[in-house]
Amino acid sequence: MYQFNLSATKSYMEVLPAAVVTTLLLSGLAILASIFVGIAGALCRTSNVRVLRFIGGAYVELLRNIPLLIVIYLVYFGLAQLGLRISGFTSALIALTLNAGAYMTEMIRGGLAAIGKGQFEAARSQAMTAPQIYRYIVMPQVFRIIYAPFGNLCIGIVLGSALASIVGVEDVTSWMHTVGSNSFRYLEAFLMAGAIYLALAQTINLLRIGTGRWLLSHSPSATRQ
Amino acid sequence: MSTEPAARPPILRIEKLVKKFSERLILDQVDLAVQPGEVVVLLGPSGTGKSTLLRCINGLEEIQGGQVFFENRPVVANTKNVIDVRKHIGMIFQSFNLYPHLTALGNVMLAPMKVLKESRAEVEARARELFRKVRLEHRADAYPGQLSGGEQQRVAIARALAMNPSLLLFDEPTSALDPETVGDVLDVMEDLAREGRTMIVVTHEIGFARHVGDRIVFMDEGRIVEQGPPEVIIDAPVEERTRKFFGSILRE
Ligand SMILES: Nc1ncnc2c1ncn2[C@@H]1O[C@H](COP(=O)(O)OP(=O)(O)O)[C@@H](O)[C@H]1O
Ligand SMILES: [Mg+2]
């Protein structure tokens with residue numbers, strides 16, 4: 001029978017913080033970048049220009065229907081084929097951003113669509129400019145609509161970043177593989193890594209719940225609708 | 001007002017306005033001048049272009065012919081100058097169009113603070129005053145979703161007034177309301193008319209048109225068919241189409 005022994009992973013603890021930082025950095029940067037991709041994508045999807053709408057739609061469909069693993073390979077080996085030498089970290093970051101950006105696009109588009117057209121009319125009739133309308137009318141409402149799916153998407157990005165180890169990124173998953181294969185304490189390594197991802201995901205979850213409470217106390221009717 | 005000689009320059013002058021959607025003619029050579037302090041009631045069957053005409057006045061729609069002058073300045077959609085014009089024209093919509101994420105007070109204060117760049121204290125004092133005027137001082141901190149239709153529309157009126165407009169456009173302000181709240185909104189509009197506000201009102205409320213309107217403009221199929229004092233246009237119109245319209249409405 002398997003002798004469970006967590007202390008066997010002790011000698012690998014020294015390098016764990018660096019692995020956690022890598023996971024945090026990779027997923028944090030991917031979240032940030034995919035927000036920008038999502039805004040650009042949503043603006044394309046809702047544009048009056050047909051070509052932009054098509055590009056936005058094609059991007060979303062493509063990236064939501066190809067496994068992230070394959071996107072990572074395509075970026076890593078594909079760009080190398082084109083003579084672009086980029087690190088595993090950069091490749092994983094690009095792939096994660098492309099993948100998450102497609103979901104962000106759909107999420108933000110949905111948020112924009114939920115804002116009644118009449119409000120734009122009212123705001124324009126009050127001499128507001130387009131940037132003012134986005135800043136004071138659109139963004140606060142889109143934020144209220146999307147904060148919950150956004151939290152889930154962020155969790156998805158953190159968990160998805162686990163695939164980065166296949167192109168040599170030394171993150172929590174890569175640490176797990178190292179511990180497992182060097183000490184043969186596979187189960188302990190799996191459990192440790194699982195606990196770390198769980199903690200990260202739950203942190204995001206708590207942030208999401210806190211945001212929801214804050215919004216509810218600041219505009220009950222708007223969030224209830 | 002309509003009995004006075006037109007000595008003062010009109011606040012609004014519309015000349016040979018043509019509006020098309022794609023190739024379809026919606027407004028056909030519309031001429032209209034509105035004097036300061038005048039209450040003009042725009043009546044006509046639906047689909048006639050009344051809303052479109054209002055939207056051309058504050059440049060929400062591009063026009064394909066003619067000209068619109070507000071306080072002697074041409075109104076041209078999608079230009080910088082239209083923003084300036086809109087600061088002086090308030091608009092009230094059938095569906096209220098309040099900003100749902102802001103309280104009633106927040107709705108009223110937003111544009112004066114962000115567009116006119118007035119201080120919060122100054123704007124809030126004025127906004128509180130306006131809530132009294134529309135008889136909603138107790139509802140200032142409610143969100144639109146917590147207000148009845150009639151209350152929302154009165155907030156929308158306060159929101160428009162907060163910009164200190166010199167012209168108010170009402171597009172069927174009571175058409176989306178429960179019958180029991182229509183009166184509250186019409187009362188507020190009547191107060192505004194008594195204050196001497198310049199108003200253009202699209203409505204199907206014949207009672208309001210008769211008692212508050214200085215002039216009735218009857219439109220059909222994108223044209224002004226006839227206009228004049230309420231007692232003439234409603235009770236003794238010259239044109240067959242006008243007679244038919246009021247005949248069917250008053251029979252209801
Ligand atoms: N954005 C638009 N695109 C195309 N047609 C429109 C648009 N807005 C209004 N119309 C058409 O213009 C005509 C006049 O509409 P409207 O001004 O709303 O009439 P009313 O307010 O008198 O009921 C209608 O036939 C309507 O279908
Ligand atoms: Mg209309």
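How many salt bridges does the rule find across the interface of domain 1 of chain B and domain 2 of chain B? The rule finds 3, a salt bridge being a side-chain nitrogen of Lys or Arg within 4 Å of a carboxyl oxygen of Asp or Glu.

This is a predicted model, in which local features need pLDDT of at least 70, side-chain atom pairs count only at pLDDT 80 or more, and totals for chains, interfaces and linings use all residues. Residues are numbered from 1 along each chain as its sequence is written, chains are lettered from A and ligands numbered from 1 in the order in which they are written, and side-chain values use heavy atoms, with hydrogens and water left out.

**Stop 1: the two domains of chain B**

Select residues 9-69 + 166-252 of chain B for domain 1, then 89-165 for domain 2; these bounds come from an automatic or database domain assignment. Taken over C-alpha atoms, the domain centres are 24 Å apart. Domain 1 of chain B puts 26 residues into the contact and domain 2 of chain B puts in 20 residues, where contact means heavy atoms within 4.5 Å. The area buried between these two domains is about 1,900 Å², with 65% of it from carbon and sulfur atoms. Buried area is the accessible area (1.4 Å probe) that two parts lose on being put together, summed over both.

Across this domain interface the rule also finds 8 residue pairs in polar contact (both at pLDDT 80 or more). A polar contact is a pair of N or O atoms within 3.5 Å; within protein, one must be able to donate a hydrogen and the other to accept it, and residues adjacent in sequence count only if both atoms are side-chain atoms. Now colour α1 (50-57), β7 (167-171) and α6 (179-194) of chain B, each of which supplies at least two residues of the side of domain 1 that touches domain 2. Helices (H or I, at least four residues) and strands (E, at least two) are DSSP runs, numbered from the N terminus. On that side of domain 1 of chain B, α6(B) gives the most, with 8 residues.

Next show the side chains of Lys133(B) and Glu195(B), which meet in a salt bridge at 2.3 Å, N to O.

**Stop 2: Asn107(B)**

Stay in chain B and centre on Asn107(B), in helix α3. Is Asn107(B) buried or exposed? Asn107(B) is buried, with a relative accessible area of 0%; buried means under 20% relative accessible area, exposed over 50%, and partly exposed in between (1.4 Å probe, protein chains only). The side chain of Asn107(B) reaches the backbone oxygen of Leu102(B) at 3.1 Å. Leaving aside neighbours within four places in sequence, the contacts of Asn107(B) include Tyr99(B), Pro144(B), Val155(B) and Arg159(B).

**Stop 3: two positive phi values**

Select Lys117(B), in the loop between α3 (104-114) and α4 (120-133) of chain B. Lys117(B) is not a glycine, yet has a positive phi of about 55°. Lys117(B) is exposed, at a relative accessible area of 60%. Then go to Glu71(B), in the loop between β4 (65-70) and β5 (73-74) of chain B. Phi of Glu71(B) is near 45°, again positive in a residue other than glycine. Glu71(B) is partly exposed, with a relative accessible area of 34%.

**Stop 4: where chain A meets chain B**

Show both chains. The contact takes 24 residues from chain A and 25 residues from chain B. The chains bury about 2,100 Å² between them, 57% of it on carbon and sulfur atoms. Arg124(A), Ser125(A) and Gln126(A) supply 27% of the area that chain A buries against chain B, more than any other three residues.

The rule finds 1 salt bridge across the interface of chain A and chain B. Select Arg55(B) and Glu121(A), whose side chains meet in a salt bridge at 2.0 Å, N to O. On chain A, α5 (117-125), α6 (130-160) and α9 (220-224) each give two or more residues to the side that touches chain B. Of these, α5(A) gives the most to that side, with 7 residues.

**Stop 5: helices of chain A**

Select residues 186-218 of chain A to see helix α8, with 33 residues. Helix α8 of chain A reaches 48 Å from its first C-alpha to its last, close to the 48 Å expected at 1.5 Å a residue; the expected span is 1.5 Å times one less than the number of residues. Among the buried residues of α8(A) are Met192(A), Ile196(A), Tyr197(A) and Leu200(A).

End at Val75(A), in helix α3 (residues 68-81) of chain A. Val75(A) is buried, with a relative accessible area of 9%. Not counting residues up to four places away in sequence, Val75(A) touches residues including Ile86(A), Ile94(A) and Leu98(A).
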